[in-house]
Amino acid sequence: MRLQDQRKKKGYSQSELSSASGVSLRMIQKYEIGERNIDNAKIETLCDLAIALDVKVYDIVESPSLREKLKKS
C-alpha cells in the first residue's frame, strides 16, 4: 500500500501519522489494510495525509490512472 510505504519512509507509526494529520488512527488502519479505498477519500483527507507525510497526493493514492490525473493537475 502506498500510504503505508510513505508513512514508513517518514518514520511514523500509524499513531504518529494520525496525530500529525488529524486523520483518525482507525481510518489510517483501514486505508493501509485495504478495508477502505484511499482513492475514494475526501480531498481534504488526502491533503492532510500528504502534508503530514511531506509528499504529493499522487504519492499516496493507489489507482495508476488517478495518480496520472493528479500529476497533470
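This is a predicted model: local features need pLDDT of at least 70, side-chain atom pairs count only at pLDDT 80 or more; totals for chains, interfaces and linings use all residues.
Local features are reported at pLDDT of at least 70 and side-chain atom pairs at pLDDT 80 or more, while totals for chains, interfaces and linings use all residues. Residues are numbered from 1 along each chain as its sequence is written, and side-chain values rest on heavy atoms, without hydrogens or water. Helices are DSSP runs (H or I, at least four residues), numbered from the N terminus.

**How H2 and H3 cross**

- The axes of helix H2 (residues 14-21) and helix H3 (residues 25-33) come within 9 Å and cross at roughly 120°; axes are lines fitted to C-alpha atoms over the stretch in contact, and angles run from 0 to 180 degrees between N-to-C directions.
- H2 and H3 are therefore oblique to each other, a class left over once angles under 35 degrees (roughly parallel), over 145 (roughly antiparallel) and 65 to 115 (roughly perpendicular) are set aside.
- The crossing of H2 and H3 is right-handed, meaning that the near helix is turned clockwise from the far one by less than a right angle.
- From H2, Gln-14, Ser-15, Leu-17, Ser-18 and Ser-21 meet Leu-25, Ile-28, Gln-29 and Glu-32 of H3, where contact means heavy atoms within 4.5 Å.
- These contact residues comprise 3 nonpolar, 5 polar and 1 charged; Ala, Val, Leu, Ile, Met, Phe, Trp, Tyr, Cys and Pro count as nonpolar, Asp, Glu, Lys and Arg as charged, and the others, Gly among them, as polar.

**Buried faces**

- Leu-17, Ser-18 and Ser-21 are the buried residues of H2 (under 20% relative accessible area, with exposed over 50% and partly exposed in between, for a 1.4 Å probe and protein chains only).
- Viewed down the axis of H2, these buried residues fall within an arc of 105°, so they line one face of the helix; the arc is that of the directions from the helix axis to the C-beta atoms.
- The buried residues of H2 pack against helix H1 (2-10), H3 and H4.
- Ile-28, Tyr-31 and Glu-32 are buried in H3.
- These H3 residues cover an arc of only 95° around the axis, which puts them on the same side of H3.
- The cover over the buried residues of H3 includes H1, H2 and H4.

**Positive phi**

- Most residues other than glycine have a negative phi.
- Asp-54, not a glycine, has a positive phi of about 60°.
- Asp-54 lies in the loop between helix H4 (43-53) and helix H5 (64-72), and counts as exposed at 64% relative accessibility.
- Gly-34 follows H3 and has a positive phi near 85°.

Key
Helices (H or I, at least four residues) and strands (E, at least two) are DSSP runs, numbered from the N terminus.
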